[in-house]
Amino acid sequence: MHVRIKNLIKETKGNVCVQYIFSSFNESLEYANRYLIAVYLEKDWNMALSIFGNWFENGQLLKELFFKDLQLDMTNPAIEAEFQKHESWKEKTQLHATPTILINGYQLPANYKIEDLQYFTEFKVNAK
């Protein structure tokens, strides 16, 4: 999915906003969420996007070793604060599947693919 998101950003020339909410299926994997949040907070966007891609492609197999040489300050309180926001969001929305694609807060309908979003760069959702 990450590769597809990266392609969407490229195709739309950055006219879409992508927001990652990091979640895991059990507590033993939460370290990765914290590290990925640290990458986002401490690296520039292009580097973070590259690191995310590497993680999702094969970094998961290396576990914590993947993050070893990235020089992340894992003691930064902002990492835990952001992690707690992600946890609260998951609890509030009850969305736990990964990946889940939301458009303006609404789940992408099943009859659409993420690639279809390049045709909708300017749209509004009116919910009643």
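1. The buried residues of α2 are covered by elements that include α3 (45–57) and α4. The model is predicted, so that local features need pLDDT of at least 70 and side-chain atom pairs count only at pLDDT 80 or more, whereas totals for chains, interfaces and linings use all residues. Residues are numbered from 1 along each chain as its sequence is written, and side-chain values use heavy atoms, with hydrogens and water left out.

2. In α2, the buried residues (under 20% relative accessible area, with a 1.4 Å probe and protein chains only) include Y31, A32, L36 and V39. Helices here are DSSP runs of H or I with at least four residues, numbered from the N terminus.

3. Helix α2 packs against α3 at an angle of about 155°, with the axes 9 Å apart, and the two are therefore roughly antiparallel (angles over 145 degrees). Contact, meaning heavy atoms within 4.5 Å, joins Y31, A32, L36, V39 and Y40 of α2 to W45, A48, I51, F52 and W55 of α3. These residues divide into 10 nonpolar, no polar and no charged.

4. Against helix α4 (residues 77–93), helix α2 (residues 30–42) packs at an angle of about 120°, again with axes 9 Å apart. That angle makes α2 oblique to α4, and their crossing is right-handed. Among the residues that meet are R34, I37 and L41 in α2 and I79, F83 and E87 in α4; by class, this contact has 6 nonpolar, 3 polar and 6 charged residues.

Methods
Axes fitted to C-alpha atoms, helices over the stretch in contact; angles between N-to-C directions. Parallel < 35°, antiparallel > 145°, perpendicular 65-115°, else oblique. Left-handed = near helix turned anticlockwise from the far one by under 90°. Nonpolar A, V, L, I, M, F, W, Y, C, P; charged D, E, K, R; others polar. Buried < 20%, exposed > 50% of the residue type's maximum accessible area, 1.4 Å probe, protein only.
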